[in-house]
Amino acid sequence: MVAFCELRVATDKLSNFSLRDDDTTSDRNGCARQTDEFNFHLNKRRPPPTVNVNEVAYITIAALPHRTRSLIMGHTHDLIVEMFDRFRITPEYPAFPIENDRGTLVTPVIESSVDIFLVNDTTIYPKRLKILNDPNSKYYLQVSQGSGYYELVLSNHDVADVRYVEPTRTISIVPRTSGMLHIALVDQCLASEPAEVEIEVQQLASLEVECINKVEIGTFVMAKLQMYDTNGALMMLPVLEALDIKVETENGYIQIERVDAKEYGGAPYDKILYLIHGLEEGEAQIVFSSGVGDKAIRSDVLVVQVFSPLQLLPKNLTTLVGTIYQLSTVGGPNNAEIEFSTDDESVLTIDGSGVIEGKATGHTTIYAKAVGEDARGKKVVFSQDKAEVRVILLEGVKIVVPTTRVKLGAVIPVWAFGIPDHLTPLVIGSMRSPLVFSWVTSDSNLMSLHEMYEGTGINVRYQNEVTLRARANKPGVVTLQLTASTPCNVLGGCRGIMPSFSASIKIEIFEELRLMNDEMNQPSLTLIMAPNSSMKIKTNRDKQGMMTYKVLTDTQSTSAEVEDSNALSSVSNIISVDRYGNLKSGDQYGHGIIQVTNVETYSSKQTLTIAVYVS
């Protein structure tokens, strides 16, 4: 803005004027240069001859931008001589004589000066301010430009205590009550428009929390707390502690901490941020409040679910081209939607329920994400996991059983596994074009095969089963054989003959070692003897393999002297046994333990422990 001012000078003192500029500005290159761009004009108005008054000159000065100070000087010239001639005045000579250093009379230079300060209109920063209704807080507005001499005009004297601080050129504001306040700062020296500012003193009316209501154990989510006044406007805090916000929670499932002020980017603060850490699985309720008693302002209850991490199982999977396999997930938040995706759909595809199908040999990664929406309807990933999947071609099959030695009468599961990489029955049995499995035993009298659904009413031929059950009917050695026929598309096409794989395994069926009672011919683990008596220990496997006998302990002694040359174990006062299984009792009452061991062909070994009571 360009301002104008008028300077009146009496011409009997000054008849010529000069302008000296004391201000410097910088050009675009940052170099200082002298500026002298003043609009300067001198008007000489001569009064009528009959009036003996001083002649007056007028100077009009235009203040240009970036100008702060200039000095105007004036001195006498020929104008005074002309005036004396016109009014027939004979002045002294020399005019206004003074004596110089040499002792000569000379006319002095008569001059006068005035300092001109050039400023813009008054401004206040900021022009609009929202402050908290806290009498203990004080806020400041910065005043710039203008003369520095002002009058404050307030629209309302009850809302806040407002003062102009002249040394610092600031306006201090101390709130008293909530409401709107308009401040006008009137410059008392310059004819300019008042500088105005609008102050809104806010009173807390509500607290609103925005947060994802699910957090994984070991991680955290961020909660945003915002404060609103009685007009529903967002409040701005000078410091985070201005409202004394309290956080209430009911249990130890979560831990809450406020984000440090240096993470916000500076005051004022329109929100307070909190980190909610998940510690233990469960649900926790959170309430934010400010104030005490009936005047306390409380937020709505925030229910946060703490959940265990989502896990995609299995973590590492090897499957076949053409196999359909169901991946499973555990953990994750309740009622969350699980999304599945793959890195390479040319290797395998996966649907929305986690079912994969191998398309070509290769390796890819499967991702599972538990997703939902936040309060704004924006998609949120609560938890995620991944699994590695390798797709290969089937190279063979093998039979897997829990053990190759089976007790008589036992039922064991029998599985068909794929080669290579120990492909599980679930993998090779879940092909879109299923494998055909044919099972057979070398002697069905020794071992019989049964389908897994036997007795359930489901009619499925066991020859097409990837797993079944085998029952041991008689002691002996039996061979179990498997033939698996593969569809042509599994191996990339076939010519004429459907490819097949075969495998076999030998299983030994043995009779369990048992103690036989002579009288009842029933199995028993207890013998009762009279003192100083003897008996033969008999088992059902006495004629098969080699039998050994040993006294483990008794109630009287564990290190008695050997009395029988044929006895392998120490003879005590209670019981003793020889290598042929002859058991003898002593003359004392008590009981002991006999261990019987049977070793048959193929290094098959069974042990029987017998309790012997002498009474």
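These are my notebook entries on a predicted model.

**Overall make-up**

I started with the whole chain. It has 2 helices and 51 strands. Of its 615 residues, 39% are buried. I then looked at contacts between residues at least 6 apart in sequence: 62% of them join residues at least 24 apart. The chain exposes about 34,900 Å², and carbon and sulfur atoms supply 48% of that area.

**Cores**

I looked up the largest nonpolar core next. It has 51 residues. I171, I173, I199, M227 and I272 have the most contacts inside it. Strand β24, residues 272–278, gives the most to this core, with 5 residues. Domain 1 (123–202) and domain 2 (204–307) both contribute residues, so the core lies between them. I listed the contacts of M227, leaving out residues up to four places away in sequence; among them are L204, L207, A233, L234 and I272. D270 and K271 are also touched by M227. I noted a second, separate core of 50 residues, which includes L348, A368, V406 and L423.

**T467**

Is T467 buried or exposed? I found it buried, because its relative accessibility is 15% and the cut-off for buried is under 20%. T467 lies in strand β42, residues 467–472. Its side chain reaches the backbone oxygen of V414 at 2.9 Å. A polar contact of 3.4 Å also joins the side chains of T467 and W415. Beyond four places in sequence, T467 touches V414, W415 and M452.

**Salt bridges**

I counted 16 salt bridges. I went through several pairs.

E241 and R258 meet through their side chains at 3.0 Å, N to O. E241 sits in the loop between β21 and β22, and R258 in strand β23, so the pair ties together parts 17 residues apart in sequence. E241 is exposed, at 52% relative accessible area. R258 is partly exposed, at 37%.

K246 and D244 form a salt bridge at 3.2 Å, N to O. K246 is partly exposed at 31%, and D244 is partly exposed at 47%.

Which residue forms a salt bridge with D385? I found K315, with the closest N and O atoms 2.0 Å apart. The pair links distant parts of the chain, 70 residues apart. D385 is in strand β36, and K315 is in the loop between β28 and β29. D385 counts as buried at 17% relative accessibility, whereas K315 counts as partly exposed at 33%.

My last entry is a network: R128, E198 and E200 are joined by salt bridges that share partners.

Notes
Residues are numbered from 1 along each chain as its sequence is written. This is a predicted model: local features need pLDDT of at least 70, side-chain atom pairs count only at pLDDT 80 or more; totals for chains, interfaces and linings use all residues. Side-chain values use heavy atoms; hydrogens and water are left out. Helices (H or I, at least four residues) and strands (E, at least two) are DSSP runs, numbered from the N terminus. Buried means under 20% relative accessible area, exposed over 50%, partly exposed in between (1.4 Å probe, protein chains only). A polar contact is a pair of N or O atoms within 3.5 Å; within protein, one must be able to donate a hydrogen and the other to accept it, and residues adjacent in sequence count only if both atoms are side-chain atoms. Contact means heavy atoms within 4.5 Å. A nonpolar core is a set of buried Ala, Val, Leu, Ile, Met, Phe, Trp, Tyr and Cys residues joined through side-chain atoms within 4.5 Å. Domain bounds come from an automatic or database domain assignment. Accessible areas come from the Shrake-Rupley method with a 1.4 Å probe; for residues, only the protein chains shown count as cover. A salt bridge is a side-chain nitrogen of Lys or Arg within 4 Å of a carboxyl oxygen of Asp or Glu.
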